[in-house]
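Subject: Structure handover and what turned up in it

Hello,

Here is the structure I promised to pass on. Please open it alongside this email, and my notes will follow below.

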Amino acid sequence: MNAPTTSRYPDVYAAWKADPEGFWAEAARAVDWIRPADRVFDPGQGPYGRWFTGGELNACHNAVDRHVASGRGGQAAIIHDSPVTGTKRTLTYTELRDEVAALAGVLAQLGVAKGDRVLLYMPMIPEAVIAMLACARIGAIHSVVFGGFAAKELATRIEDATPKAILSASCGIEAARVVSYKPLLDEALRLASHQPDACLVFQRPQAEAALMEGRDRDWAAAVADAKARGVAAPCTPVAATDPLYVLYTSGTTGRPKGVVRDTGGYLVALAWSMTNLYGIAPGEVYWCASDVGWVVGHSYIVYGPLVHGCTTVLYEGKPVGTPDAGAFWRVAAEHGVVSLFTAPTAFRAIKKEDPEGRLIRQYDLSRLRTLFLAGERADPDTVKWAEEQLGVPVIDHWWQTETGWAIAGNPVGLGALPVKHGSPTVPMPGYDLQVLDEGGKPVGANVMGTIAVKLPLGPGCLPTLWQADDRFRESYVSTFPGFYNTSDAGFLDEDGYVYVMGRTDDIINVAGHRLSTGGMEEVLASHPAVAECAVIGVKDSLKGEVPCGFAVLKAGIDRSPAEIERELVGLVRDRIGPVAAFKLALTVGRLPKTRSGKILRGTMKKIADGDAWTMPATIDDPGVLDEIADALKAKGVGA
Ligand code: COA
Ligand code: AMP
């Protein structure tokens, strides 16, 4: 950090670098411990070390009970605002504690114990948060699956996590349709060889689910019964290194990675971030407009704000269409939100419908201090528009499911640094960022390379993958020995600001959702008419990127290409889910390849994006690229 500033950031970052263990030991005071850690960091445990070894605590106690004990019992803990159902519901910290304790009691009676996994397939309703906290209360490990995933994706996660119980709701509600979850869950359980002992189903009036005798139970009835019998589970002490949750994220194949989050380090990092990165005081209203199915939702809808004693807004709606592009401003004004956190794509959607910001000016946003963006690259145009319209700092920050909180950001709580559009600013404590070339050598300022974090990773980051230490090593720490490979490409400028430009692997980012093109290729390849295929991400003005699939048909297939393309679109929706937003499939005669047979996806992407491209020297047959360009043009894609 070389630029002049009045922010405390340079001193704080330098203090962390000089004494990381001392720094995190101090930060750990924001969390209640049942037993203090023996060691702040033990390099001998796990693939690269573990934080707060020997320590014991409980995440639910830290997020709920301790606030009731310290006088926040009457404060709103959760405000559920649901324009899709036309309902609003507030739960105070005391009410939240009672709901969580009762549900935790139900889980315990179902035989769920410390260390057992519980899979959650839930929409954005308070019960989703209650369920996460109930697991944490008894030391069970939750694994939340985003509602936009299909049955097969759910089945893969059930197979890997082997949950003792599954908690779900009868349906989720999208702007235009009711999504019945239960048939998806039933289908997933039909596909999976692992079966849970029980499923607890929260019935919503929009679509009641049929319950299977012996396996499924009615959530509300079970909780009511527990309350009537005075069943309330206490908080179970867990080791700081025990997993709080496993969250699956896209890997480079169709097999998702089970990111493990420990308990102690995670709560310490989140507590530090609420004060120093987000600049939030306990008691304030904080709104992260994401989904509990994503890491951002775990950290900043649930654990971050609740551990910090804030009121968290749980929003079941969209930035547009529920009912209009003023929805975010209505919620922010009505609930006195001081900080909003969302994805740039949400802002692009709002800007498209309300370019003049007329709806923004209909609401009193005087309490809103900051807008935080993450999940995808924040394009400077969107950031500038948001700054002009809202008149508050717009802070881009960069993180991954793996890290659990921001790798880089602008620490508002320490005094904001000057914003440079296109950069998520500077590394947070815990992250020693280096930009490396292909051989693993650090490059100079303003030179592109792979962004890597010098090991060890700080508190909050994944210690490993669920029951897959070797996959962890192979995926993250073997390419550049001594470093965690973020698989993001970018550079650091002369002031130490980081610029994150895109992935170095086959992950694409669709409306802030992380997806694997490799996984989509596996689906296309399973179609009986497809000989070979490729999926790339192409630029999209709303979603940032959308997937586009190319399929070469097997010899002798004389069916209509348009019909097969429709089937391919349907197949991806069916196997991965609507969230893949896979709407563009093209049948082509050949795929462009190098002489050694590697598909030239990078060049195909440049053509599809309308970017300048040069003929690769290694191409086998240059004519194929013209065919690709023609096929794209026929679909209205590319220049
Ligand atoms: N359950 C079931 N289906 C879901 C779902 C869920 N929880 N979430 C999304 N889907 C479906 C959508 O209904 C849509 O289906 P469709 O193809 O039938 O229209 C599909 O998945 C794609 O969803 P999405 O990419 O979100 O597109 P959208 O058109 O519904 O909305 C935006 C576009 C920009 C408004 C929306 O993506 C958005 O708000 N993005 C912000 C994302 C965000 O907060 N990300 C978290 C990181 S911070
Ligand atoms: P996820 O694991 O879903 O949070 O996605 C992580 C990926 O999203 C990162 O590896 C980046 O590629 C991208 N990403 C997230 N936030 C940003 C950001 N602020 N700027 C650029 N890319 C981002």
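First, some ground rules. This is a predicted model, in which local features need pLDDT of at least 70 and side-chain atom pairs count only at pLDDT 80 or more, while totals for chains, interfaces and linings use all residues. Residues are numbered from 1 along each chain as its sequence is written, chains are lettered from A and ligands numbered from 1 in the order in which they are written, and side-chain values use heavy atoms, with hydrogens and water left out.

Two packed helices are described by the angle between their axes and the distance between the axes. Helices (H or I, at least four residues) and strands (E, at least two) are DSSP runs, numbered from the N terminus. Axes are lines fitted to C-alpha atoms, for helices over the stretch in contact, and angles run from 0 to 180 degrees between N-to-C directions.

Let's begin with α5. Helix α5 (residues 126-138) and helix α10 (residues 295-307) have axes that come within 11 Å and cross at roughly 60°. The two helices are therefore oblique to each other (angles under 35 degrees count as roughly parallel, over 145 as roughly antiparallel, 65 to 115 as roughly perpendicular and the rest as oblique). The crossing of α5 with α10 is right-handed; a crossing is left-handed if the near helix is turned anticlockwise from the far one by less than a right angle, and right-handed if clockwise. On the α5 side, Val129, Met132, Leu133 and Ala136 meet His298, Val302, Tyr303 and Leu306 of α10, where contact means heavy atoms within 4.5 Å. The residues of this contact comprise 7 nonpolar, 1 polar and no charged (Ala, Val, Leu, Ile, Met, Phe, Trp, Tyr, Cys and Pro count as nonpolar, Asp, Glu, Lys and Arg as charged, and the others, Gly among them, as polar).

Next comes α3. The axes of helix α3 (residues 59-72) and α10 come within 8 Å, crossing at roughly 55°, which makes α3 oblique to α10. Their crossing is left-handed. Ala59, Asn62, Ala63, Arg66 and His67 of α3 make the contact with Tyr303, Leu306 and Val307 of α10. By class, the residues of the α3 contact with α10 are 5 nonpolar, 2 polar and 1 charged.

Then there is α9. Helix α9 (residues 264-276) and α10 have axes that come within 9 Å and cross at roughly 80°, and that makes α9 roughly perpendicular to α10. Residues in this contact include Tyr266, Leu267 and Leu270 of α9, and Tyr303 and Pro305 of α10. The contact of α9 with α10 has 9 nonpolar, 4 polar and no charged residues.

**The ligands**

Which residues come nearest to ligand 1? Of the 23 residues around ligand 1, they are Glu174, Arg177, Lys543, Arg573 and Lys583; a residue is near a molecule or strand if one of its heavy atoms lies within 4 Å of it. A polar backbone atom of Gly147 is 3.3 Å from a nitrogen atom of ligand 1, and a backbone N or O atom of Gly148 lies 3.4 Å from a nitrogen atom of ligand 1.

Ligand 2 is surrounded by 14 residues, the closest being Asp396, Thr401, Asp488, Arg503 and Arg514. An N or O atom in the side chain of Asp488 is 2.6 Å from an oxygen atom of ligand 2, and a polar side-chain atom of Arg503 lies 2.7 Å from an oxygen atom of ligand 2.

**Backbone details**

The peptide bond from Thr322 to Pro323 is cis, with omega near 0°, and Pro323 sits in the loop between β17 (311-315) and α11 (327-335). The bond from Leu455 to Pro456 is also cis, with omega near 5°. Thr162 is not a glycine, yet has a positive phi of about 40°.

Best wishes

How values were computed: A polar contact is a pair of N or O atoms within 3.5 Å; within protein, one must be able to donate a hydrogen and the other to accept it, and residues adjacent in sequence count only if both atoms are side-chain atoms.
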